[in-house]
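Here is a short tour for a first look. Keep the sequence and the 3D view side by side as you read.

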Amino acid sequence: MNLRDSILQARIAGHLIELDGPTDPNLDIARAIYGFAGRPVLFDKVSAYPGWRVLAGIASAREYFALALGVPTTELIHKLARALEHPVAPPLVGDAPCQEVVEPGVDLTRLPILRHFPFDAGPYVTAGILVVNDPDYGRNVSFHRLLRLDERRFAARVVEKRGTDTAWRKSADDLPVAICIGNSLPVLLVASMSPPMGVDELAIANSLTPTPLVACKTVPLHVPADCELVLEGRLTHATAPEGPFVDLTETMDFVRAGPVIEIDCITHRRDPIYQALLPGKLEHKLLMGMPKEPTIFAAVNQVCRCTNVVITPGGASWLHAVVQIEKRGPEDGRAAIEAAFRGHGSLKHVVVVDTDLNPYDPAEVEWAIATRFQADRDLVVLADQPGSSLDPSGVHESGKKSLTAKMGIDATIPWGAERTAFEKVQYNTRS
Ligand SMILES: Cc1cc2nc3c(=O)[nH]c(=O)nc-3n(C[C@H](O)[C@H](O)[C@H](O)COP(=O)(O)O)c2cc1C
């Protein structure tokens with residue numbers, strides 16, 4: 001199930017929008033994608049970039065992931081949880097589509113990298129995943145937005161204390177890196193997971209769908225064989241200003257010094273598709289949030305019976321979650337709140353609901369808060385907690401973990417109460 005299989009599925013299902021007019025990667029393409037938010041869009045011609053196509057939106061709905069993984073949307077969380085528990089080492093192949101063409105030289109200005117807004121610092125790679133090797137923990141795979149600086153160099157946004165950052169800080173020399181663009185949906189999902197150190201994200205992807213790897217040409221790394229484009233190079237210890245750029249919260253992220261990546265070799269498929277995504281929009285949100293649902297699910301299941309977890313788009317798909325539990329004791333709601341914060345360190349607000357409500361429906365969740373919750377009894381507030389660097393209302397100090405207050409709302413039926421007083425009356429429309 002590679003990217004092209006998902007494009008075919010989207011075409012057959014009638015989701016795909018195909019545009020054949022030449023379009024400019026400098027603002028035009030991003031503007032067009034915004035107009036089709038939530039739908040996959042394939043640009044068959046890109047002005048000044050003959051031979052290239054551009055794709056966005058292929059991961060912008062839960063339904064598209066469900067199609068790619070062959071399960072109903074409600075089963076996605078369980079499928080991801082199983083793959084996290086049972087990674088399968090990916091096979092290595094000799095010949096790979098992503099190496100059909102080895103470019104004779106390096107010129108990043110020949111790739112249709114999009115500029116999204118006039119106020120962006122420049123053209124940005126938004127759907128690129130970095131593969132690096134940590135000397136202690138092995139391979140790490142993670143998304144990093146990349147600002148093109150010139151023909152050979154990017155400035156990368158590398159969040160502190162995560163896999164790429166840890167490996168980079170351990171290496172006195174340049175750290176070899178491979179940037180993969182045009183990945184399958186499972187590879188995109190695992191690239192935003194943070195499994196325990198030492199667990200290979202590509203083995204999780206391979207457990208979701210066969211994900212063969214190939215050795216890179218110039219760096220000692222392996223990459224998904226059927227991605228569209230690979231940029232091989234080095235994460236150096238030089239830095240350059242990175243930003244401004246829109247982040248997940250749809251607000252402007254600060255300008256920071258980001259490590260510079262130098263590219264030494266470019267390989268790609270014969271008729272390559274450049275994949276992009278809109279910062280802050282649905283695709284970015286789903287890719288960030290969905291992989292956190294199984295980790296919250298696992299943490300809550302350690303303290304009570306959890307039946308579902310939904311990271312909600314209104315909370316930037318990062319800061320808010322709804323946790324559904326089958327309540328079996330008076331403290332389950334509170335225990336679920338505390339466990340949810342352990343399951344996803346950036347989570348800021350969580351609502352716990354019972355199994356009779358649909359956690360995907362914001363109106364039902366609000367109804368539970370209105371009818372089952374009392375603030376002086378069921379509210380958990382935690383001050384000065386480590387939180388997300390993305391929340392503009394948090395306390396951010398350079399080199400330190402961001403701080404935030406956290407809030408949990410236990411909107412489950414109070415233990416020992418008469419249940420019928422809290423249940424929605426079902427209307428019988430038959431007689
Ligand atoms: C679309 C998208 C863009 C992202 N951009 C960045 C980024 O620019 N820098 C970064 O450090 N993390 C970024 N992330 C988050 C990382 O992929 C995520 O934190 C990852 O789980 C880190 O993995 P690790 O803990 O194994 O290193 C992005 C995630 C998504 C889905």
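Ile181 counts as buried, at 0% relative accessibility. The model is predicted. Ile181 belongs to strand 11, which spans residues 175-181.

What does Ile181 touch, leaving aside residues up to four places away in sequence? The contacts are Val125, Ala127, Gly128, Cys227, Glu228, Leu229, Leu231, Tyr274 and Gln275. Look at Gly128 in particular. Gly128 and Ile181 are 53 residues apart along the chain, yet their C-alpha atoms are separated by 4.8 Å.

## His144 in its loop

Now move to His144. This residue sits in the loop between strand 8 (138-143) and strand 9 (146-148). Is His144 buried or exposed? His144 is buried, because its relative accessible area is 7% and the cut-off for buried is under 20%.

The side chain of His144 makes a polar contact of 3.2 Å with the side chain of Ser142. His144 also touches Val125, Gly128, Leu130, Arg157, Val158 and Thr164, not counting residues up to four places away in sequence.

## Aromatic pairs

How many aromatic pairs does a search of the whole structure find? The search finds 3. One of them joins Phe117 and Phe119. This pair is stacked, at 4.9 Å centre to centre, with 10° between the planes. Phe117 is partly exposed, with a relative accessible area of 21%. Phe119 is partly exposed too, with a value of 45%. Ring pairs link Phe117, Phe119 and Tyr34 into a cluster.

Tyr124 and Phe245 also pair. Their ring centres are 3.8 Å apart and their planes lie at 20°, so this pair is stacked. Tyr124 is in strand 6 (residues 124-125) and Phe245 is in strand 15 (residues 245-246), so the pair ties together parts that are 121 residues apart in sequence. Tyr124 has a relative accessible area of 1%, and Phe245 has 2%.

## Helix 1

Go to helix 1, residues 3-12. Its buried residues are Leu3, Ser6, Ile7 and Ala10. Why do they lie on the same side of helix 1? They cover an arc of only 105° around the axis, which puts them there. The general rule is that an α-helix has 3.6 residues a turn, so residues three or four places apart point the same way.

What covers these buried residues? The cover includes strand 2 (41-43), strand 3 (53-56), helix 3 (62-69), helix 6 (185-191) and strand 18 (273-275).

At the start, a side-chain oxygen of Asn2 reaches to within 2.9 Å of the backbone nitrogen of Arg4. Gly14 follows helix 1, and its phi is positive, near 80°.

Strand 22 is joined to strand 23 (residues 403-410) by 6 bridges, and the two run antiparallel. Pro386 stands opposite Leu403 in strand 23.

Technical notes
Residues are numbered from 1 along each chain as its sequence is written. This is a predicted model: local features need pLDDT of at least 70, side-chain atom pairs count only at pLDDT 80 or more; totals for chains, interfaces and linings use all residues. Side-chain values use heavy atoms; hydrogens and water are left out. Buried means under 20% relative accessible area, exposed over 50%, partly exposed in between (1.4 Å probe, protein chains only). Helices (H or I, at least four residues) and strands (E, at least two) are DSSP runs, numbered from the N terminus. The arc is that of the directions from the helix axis to the C-beta atoms. Contact means heavy atoms within 4.5 Å. A polar contact is a pair of N or O atoms within 3.5 Å; within protein, one must be able to donate a hydrogen and the other to accept it, and residues adjacent in sequence count only if both atoms are side-chain atoms. Two strands pair if DSSP finds at least two bridges between them. Rings of Phe, Tyr and Trp (its six-membered ring) pair if their centres lie within 6.5 Å; planes under 30 degrees apart count as stacked, over 60 as edge-to-face and the rest as tilted.
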